[in-house]
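User: I would like to learn how to read a protein model. Please take the features in turn, with the general idea and then the case at hand.

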Amino acid sequence: MKKTFIIAPLICAGALSLQAAPLYFGSSSGDWNTVSNWFTDSAGATPSSAAPTSADDTFFNITGVNAATSVTTGSNIAANSLVFSNTGTTDIYSTSSTRYLDIGSGGITLNSGAGNVTIGGHSQTLTARVATSQTWINNSGANLRIYNAASAGTGTDAVTLTTQSTGTGNINFSNALNNGTNGAVLSLVIDSSGTGATTFISSASTYSGGTTVKRGVLQVRVNGSLGSGALTLGGTGNATLQVINSPALSNNIVVASGPGSKSIDVATSGQSPSITGTVTLNDNLNFGTSGTGAVAVTLTKVVSGTGGIQIDSSVV
């Protein structure tokens, strides 16, 4: 009797997984997709065999290139993370219509001493897409600027973008923050320990996952800056919503219990912003101004909860 044996191949699952590779940009001006611009070591001794993909961690720059840097692209690009140590300015932008930069779980980091970083701009659009929940960290005294819109990625799962500033540098969203095109809901969290550091939103946005200022300063300038979700103030330290000009804030506001002060600061003298959502006070909320003259704040909906409202003498 003939016996038949079936031999199944042994597959090591780990061998099939994508491993993040460090890739270092090695030019003061060049295209992201040009392979010769990338190296696998910080000294620039070993050229890369490929340009970065979504699995790779990217670093700007190699140690021999420490100056103003322009990184261009004519197509969509991706990386697991972007880390900036270059003490000169670094600009990453599209040269061809609307393009996308998909950023993985490693997020964005400006190391201490890094120069200003701008993603987008230069007459074309490069949208930064948050592919999965991640943190953008600014450890520098310089600024991170997202010139064009930022959004959730192309998936359907909700994602959270956390911004952290540990120094004096800011994180500036010059355009809108939006949900993803396939339904992924974006939430924004600010958790900054830096002195004077601010996260700016300068345009009307459509993200709907809500905004939480655990600690630090979030500055808004126009109606709809915070999308359609609730705004939560407080969680891990002093939390401030700073208002420029006189926007109407339609978001419901929740003042969380916990350490630190919770404040709404009207930073421009003579302005009169309005709050048209409900206010829930689980701790005290302070209204004040960092300007030099009187300001007016209007509350139009129900204020409830166990906390109180403290009003500086310059607020009417």
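User: Which side chain does Asp191 meet in a salt bridge?

Analyst: The general idea is that side chains of opposite charge can pair when their charged atoms come close. A salt bridge here is a side-chain nitrogen of Lys or Arg within 4 Å of a carboxyl oxygen of Asp or Glu. In this structure the side chain of Asp191 meets that of Arg215, at 2.6 Å from N to O. Asp191 belongs to strand 17 (residues 186–191) and Arg215 to strand 19 (residues 211–220), so the pair ties together parts that are 24 residues apart in sequence. Helices (H or I, at least four residues) and strands (E, at least two) are DSSP runs, numbered from the N terminus.

User: What should I know about the model before going on?

Analyst: This is a predicted model, in which local features need pLDDT of at least 70 and side-chain atom pairs count only at pLDDT 80 or more, while totals for chains, interfaces and linings use all residues. Residues are numbered from 1 along each chain as its sequence is written, and side-chain values use heavy atoms, with hydrogens and water left out.

User: Is Asp191 buried or exposed?

Analyst: Buried means under 20% relative accessible area, exposed over 50%, and partly exposed in between (1.4 Å probe, protein chains only). Asp191 has a relative accessible area of 13%, so Asp191 is buried.

User: Where in the chain are Lys262 and Asp283?

Analyst: Lys262 and Asp283 form a salt bridge, with their closest N and O atoms 2.8 Å apart. Lys262 is in strand 24 (residues 262–266), and Asp283 is in the loop between strand 26 (279–281) and strand 27 (285–288), 21 residues apart. Lys262 is buried because its relative accessibility is 2%, whereas Asp283, at 22%, is partly exposed.

User: Which residues form a nonpolar patch on the surface?

Analyst: Patches are made of residues with over 30% relative accessible area and no salt bridge; like charges are joined within 9 Å, and nonpolar side chains (Val, Leu, Ile, Met, Phe, Trp, Tyr) within 5 Å. Here Leu299, Val303, Ile309 and Ile311 form the patch, with about 310 Å² of accessible area together. Accessible areas come from the Shrake-Rupley method with a 1.4 Å probe, and for residues only the protein chains shown count as cover. Ile309 lies in strand 30 (residues 309–311) and is partly exposed because its relative accessibility is 34%.

User: With which residues is Gly194 in contact, leaving aside its neighbours within four places in sequence?

Analyst: Contact means heavy atoms within 4.5 Å. For Gly194 the residues are Ser165, Thr166 and Gly167. Gly194 is in the loop between strand 17 and strand 18 (198–201), and counts as buried at 18% relative accessibility.

User: How many strands does the protein chain have?

Analyst: The protein chain has 30 strands and one helix. Of its 316 residues, 48% count as buried. Along the principal axes its C-alpha trace spans about 90 × 65 × 35 Å.
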